Amino acid sequence: MVYLTRKAEFSASHYYHNPALSAEENRRIFGKCNNPNGHGHNYTLEVTVKGEVDSRSGFVVDLKQLKEIMTREVLDAMDHRFLNKEVPEFLTQIPTTENIAIAAWQRLAPKLQKAQLHRVRVHETPDLFVDFYGEP
Amino acid sequence: MKAHLSRRYLFSASHRLHSDAMSDDENRVTYGKCNNPYGHGHNYRLEVTVSGPVDASTGMVCNLVDLDGFVEREVLSRYDLENLNTLKEFSKKVPTTENLCVEIFEILQRGFPQAHLERVRLEETMMNSFEYAGGAEPRK
């Protein structure tokens, strides 16, 4: 089994707000992130797949195809977007780094054929990142 | 859905690697330059990973403000700009980055119940790093 990781970057804005909570509770839990006009990050998406090395190609996965899937499924939807308003998952969920990693996994997993998705890592900043392994 | 959240912090400290259980010669052979009696310093990079279900109401594994506050209060303010050899946890233990990594894991394990502690990773320099997951195999 070999693990292969591909990175991509995207930039997006978001804010944290739960309409089920009062304005005061939202401010207390989310602090500055609750500013309704949003703020932005340069995100890094890191996708790790695992599989056996194909004896003909020497690949676990065709990197060009993996890049295309990442671009089509995640970057085209999230890059230079206001996540709360433009990405369907975040009309009903808060676009925290946790939920972005889960959304990326759910978009990518069904599109990968030969290799199996192992981990999605999303960096919100160099000092904060979330890993999702598809665990319930 | 269970997710893992990792946060990085920086602190700077000095130490000297010297074991009272060894002779001066043995200490010099074992620790080399790190045995210099006046000590030396590093900019440590700490990476804390916690895990848990993503809360449906907040979208979070745990509130970052709580984690940052705890690490600031219990770890960074304890070790930043200190000489590790002068601290009580290193009065009998050599302040190697292995031992410091375990120490920080235990501080978090004892005092931060808001999420499950997965591992602590500590970079002493850009070239070396240490990980401790409380005896478990750190997840890749």
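1. Let's begin where the two chains meet, keeping in mind that this is a predicted model. Find Leu128(A) and look across to β1(B): its bridge partner there is Arg7(B). Val130(A) also has a counterpart in β1(B), standing opposite Leu5(B). Both pairs make sense once you see the strands: β5 of chain A, residues 128–132, pairs with β1(B) in the antiparallel sense, over four bridges.

2. Now widen the view to the whole contact between the chains. Chain A gives 19 residues to the contact and chain B gives 16. On the chain B side, strand β1 (residues 2–15) supplies the largest share, with seven residues. Sorted by class, the side of chain B that touches chain A holds seven nonpolar residues, six polar ones and three charged ones.

3. What else does β1(B) pair with? Within its own chain, β1(B) is joined to strand β2 (residues 40–53) by 14 bridges, and these two strands run antiparallel.

4. To find the spot, look for Ala13(B), whose bridge partner in β3(B) is Glu82(B).

5. Step back to chain B as a whole. Three helices and five strands make up its list of elements, and from the N terminus on they run β-α-β-α-β-α-β-β. Along the principal axes, the C-alpha atoms fill a box of roughly 60 × 30 × 25 Å. Chain B has 140 residues, of which 27% count as buried. Take its contacts between residues at least 6 apart in sequence: 67% of them join residues at least 24 apart.

6. Over in chain A, helix α2 deserves a look. This helix covers residues 63–78, 16 residues in total, and reaches 21 Å from its first C-alpha to its last, close to the 22 Å expected at 1.5 Å a residue. Where does α2(A) bend? The bend is at Thr71(A) and comes to about 40 degrees. After the helix comes His80(A), with a positive phi near 60 degrees.

7. Which residues of α2(A) are buried? They are Leu66(A), Met70(A), Val74(A) and Met78(A). Their cover includes the chain A strands β1 (2–14), β2 (39–51) and β3 (81–82), together with the helices α3 (83–86) and α5 (97–108).

Conventions. Residues numbered from 1 in each chain as written. Chains lettered and ligands numbered in written order. Predicted model: local features only at pLDDT ≥ 70, side-chain atom pairs only at ≥ 80, totals over all residues. Expected span 1.5 Å × (residues − 1). Bend = angle between axes of the 7 residues up to and from the residue. Buried ≥ 20, exposed ≤ 12 C-beta atoms within 10 Å, placed from the backbone. Contact = placed C-beta atoms within 7 Å. Nonpolar A, V, L, I, M, F, W, Y, C, P; charged D, E, K, R; others polar. Pairing = 2+ DSSP bridges.
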